[in-house]
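Colleague: I want to learn to read a two-chain model feature by feature. Can you take me through one?

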Amino acid sequence: MILSLFGVFFLCCLVGVPVGISLGLACVATVFIGAPVSLKYISQGMVVALDSFPLMAAPLFILAGELMSQGGVSKRLLNLAHLLLGRYAGGLGLVAIASCIFFAGISGTGSADAAAIGVIMIPEMLRGGYSKGFSGSMIAAAGAIGPIIPPSVTMVVYCVTTNQSITDTFLAGVVPGILMGVSLLAYTFIISKRKGYRGEAKTYTRKEVFDIIWDAKWAILVPVIIMGGIYGGIFTPTEAAAVAVIYGYIAGLFLYKELTFKQLPRVILSSALITSVVLVIIGTSIGFGRLMTLEHIPQQVTAFITDISTNKYVILAMINLLLLLVGTFMETLAAVTILAPILLPVVTSLGVSPVHFGVIMVVNLCIGFVTPPLGANLFVITQIADIPYGTLCRSVAPWLAIMVAVLFLITYIEAIPMGLVWLFRG
Amino acid sequence: MLRLVERYFEAFFMVILMFSISIVTGLQVFSRYVMDDAISWSEEICRYMFIWMVFFGISYAIRQRRHIRILGLYAVVPEPVKKMLMIISDLLFLLFVVLLAINGSELCAKILKLGQLTPSLEFSMAYIYASLPVGFCLAGLRLIQGLYIRLRHIHLPYAQLSRPIDAIHTPLRPGTDTPGGPA
């Protein structure tokens, strides 16, 4: 039965059946060869999986992000980043990375950040004399920070599948995300010094400084509202996401006036579409998960892994390697829904907190966004900036090395992700 | 007219549902804090709108070819095999959709007979479970539509065939269509 469940799943994925449908077909096959459940288990499971108010934070954060990037918010953040970092060595690069970090605090997904910032910054960097590989792979890596810094759709999905608190997990992502961002900034700065990429010569008058900051106020307010609202106990993460969406409508339509009523349906449709393709996977993974539990697969995996070693650090290293590998080949949210229920019992038996593990998992899978041969962000950059895929794959190595180093810091020093949680939650 | 229906049928519902979800959830916060009177039904109705939205989305994503696939194998096999794999994968998808459409309608009928009601609004749960047969029937039609169009144009290169059906005829631009991706 394990064979039919995983065999059919891998086979279907290999042929190119959508991931969610492959999960469903694997369940169907297992039911047909005589699992003690009926097909209704799967169809009902799809509805039950979606019938969740916390899960609705995911589509709403996706929509909020789309509204902000289309509605002029990302442009203001870029201006602000220019003001703050433009003058240092590698200025344009620093600006691009900082914007990705800012934007991560507004939107819930990663590739969208990379696309929104990349489309503006890569042409500028190329004009500024940066090499194609350097600038492209930089944005791809910076975009991968998106799901680590809250709000994060990936974290919402992790929490819903493993029954953890979204509020705590968001909080645990803040420091790791910023640490990742600062490391990328530092690397850019060092390389730019060495290669002589100079900062921007532009100087700002006091009035310009004030205007830029003032103009960005609506954008800066977003993370404040979201995080403040959630941690002030004013609203749940889902409600926070809805408030962010309504804020996005208002900012785009009335404050920055860069969104028209005519464009609105297109923006909403695109978020609804992204949501649906992701949530099919979550729908069918419920049935898949139940069959796994029936077969005691999580227990078997735990036994198998603890047979190899009982050292926490060794096991965490093994899991990291596994997740890095999986992240390369598999869509992030699918990986979360399938693997989190299997791996969580393993790590909790070692005393790792589920919230900490959530962050480890998300960071791992984010690195998968930029790992050749199948990094989603690399594809995005190739498309928007016309940089050959091969060039990107070759130049992404140092960025990957930094990200993996940060990953291991986050994994082994519990206080990095958990510090804020301890502080706020006692 | 028919053309517009074909193109925007699911999209129409998706936009309305998604927009309503965001507004109703926003109202929920507003009513609790500003009007000091929590709406009791908002959460429930949003969850049900959300379920329907996803099922319309499954079908629309087939039309737009946006479902998440792992296309690693496609990067290494020759052109005719790619086309064959694509057709096989769509047929497998269709198989799943047909099974679930049948199963979902049975489930829906059963729930209607049991008369199960939703907790706070108290209408029949069958309205929610109806999203299964409706969504999967639409998905089935979209799959058949896609298969029909792709098989008729099977002579075109795979990179063109793997696009949404509206873009199949647009010729390739060199350099932008990478092998295997983007997913």
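Modeller: Gladly. Keep in mind that this is a predicted model. Let us begin with the interface.

Colleague: Which residues does Ile128(B) touch, not counting residues up to four places away in sequence?

Modeller: Its contacts in chain B are Tyr48(B), Ile51(B), Trp52(B), Thr118(B) and Phe123(B). Ile128(B) also touches Val47(A), in the other chain. Val47(A) is one of the three residues named above for the area lost to chain B. Look at Ile51(B) too: it is 77 residues from Ile128(B) along the chain, yet the two C-alpha atoms are separated by 7.6 Å.

Colleague: Where is Thr169(A), and what does it contact?

Modeller: Thr169(A) belongs to helix 10 of chain A, residues 166–195. Thr169(A) is buried, with a relative accessible area of 0%. Leaving aside neighbours within four places in sequence, Thr169(A) is in contact with Met155(A), Cys159(A), Val355(A) and Val359(A).

Colleague: For contrast, is Glu122(B) buried or exposed?

Modeller: Glu122(B) is exposed, because its relative accessible area is 54% and exposed means over 50%. Its place is the loop between helix 3 (79–114) and helix 4 of chain B. Glu122(B) is 115 residues from Arg7(B) in sequence. Their C-alpha atoms are 35 Å apart in space.

Colleague: Let us turn to the backbone. Which residues other than glycine have a positive phi?

Modeller: His296(A) has a phi of about 55°. It lies in the loop between helix 14 (264–294) and helix 15 (297–308) of chain A. His296(A) is partly exposed, at 45% relative accessible area. For Asp386(A), phi is near 60°. Asp386(A) is found in the loop between helix 19 (376–385) and helix 20 (389–395) of chain A. Asp386(A) is also partly exposed, with 49% relative accessibility.

Colleague: Which residues does a cis peptide bond join?

Modeller: Pro150(A) and Pro151(A), with omega about -5°. Pro151(A) lies in the loop between helix 8 (132–143) and helix 9 (153–162) of chain A.

Colleague: Last topic: empty space. How is it found?

Modeller: A probe the size of a water molecule is rolled over the atoms, and this shows where empty space is left. In this model the count is one cavity of 30 Å³ or more.

Colleague: What lines the largest cavity?

Modeller: The largest cavity holds about 30 Å³ of space. Its lining draws on both chains, including Pro18(A), Val277(A), His67(B) and Ile68(B). Helix 2 (19–32) and helix 14 of chain A each supply at least two lining residues. By class, the lining has seven nonpolar, two polar and no charged residues.

Colleague: And what is the volume of the second largest pocket?

Modeller: About 530 Å³. It is lined by 21 residues, and those closest to its centre are Phe9(A), Phe10(A), Val326(A), Met330(A) and Leu339(A). Helix 1 (2–15), helix 15, helix 16 (312–329) and helix 17 (332–348) of chain A each give two or more residues to the lining. Helix 1 gives the most, with five residues.

Colleague: How does the lining of that second largest pocket divide by class?

Modeller: Into 20 nonpolar, one polar and no charged residues.

Terms used:
Residues numbered from 1 in each chain as written. Chains lettered and ligands numbered in written order. Predicted model: local features only at pLDDT ≥ 70, side-chain atom pairs only at ≥ 80, totals over all residues. Heavy atoms only, no water. Helix = DSSP H or I, 4+ residues; strand = E, 2+ residues; numbered from the N terminus. Buried < 20%, exposed > 50% of the residue type's maximum accessible area, 1.4 Å probe, protein only. Contact = heavy atoms within 4.5 Å. 1 Å grid on protein atoms, 1.4 Å probe; cavity = no way out; pocket = protein on both sides within 12 Å on 5 of 7 lines; lining within 4 Å. Points joined across faces, edges and corners; volume = space filled by probe spheres on them. Nonpolar A, V, L, I, M, F, W, Y, C, P; charged D, E, K, R; others polar. Buried area = accessible area lost by both parts, 1.4 Å probe.
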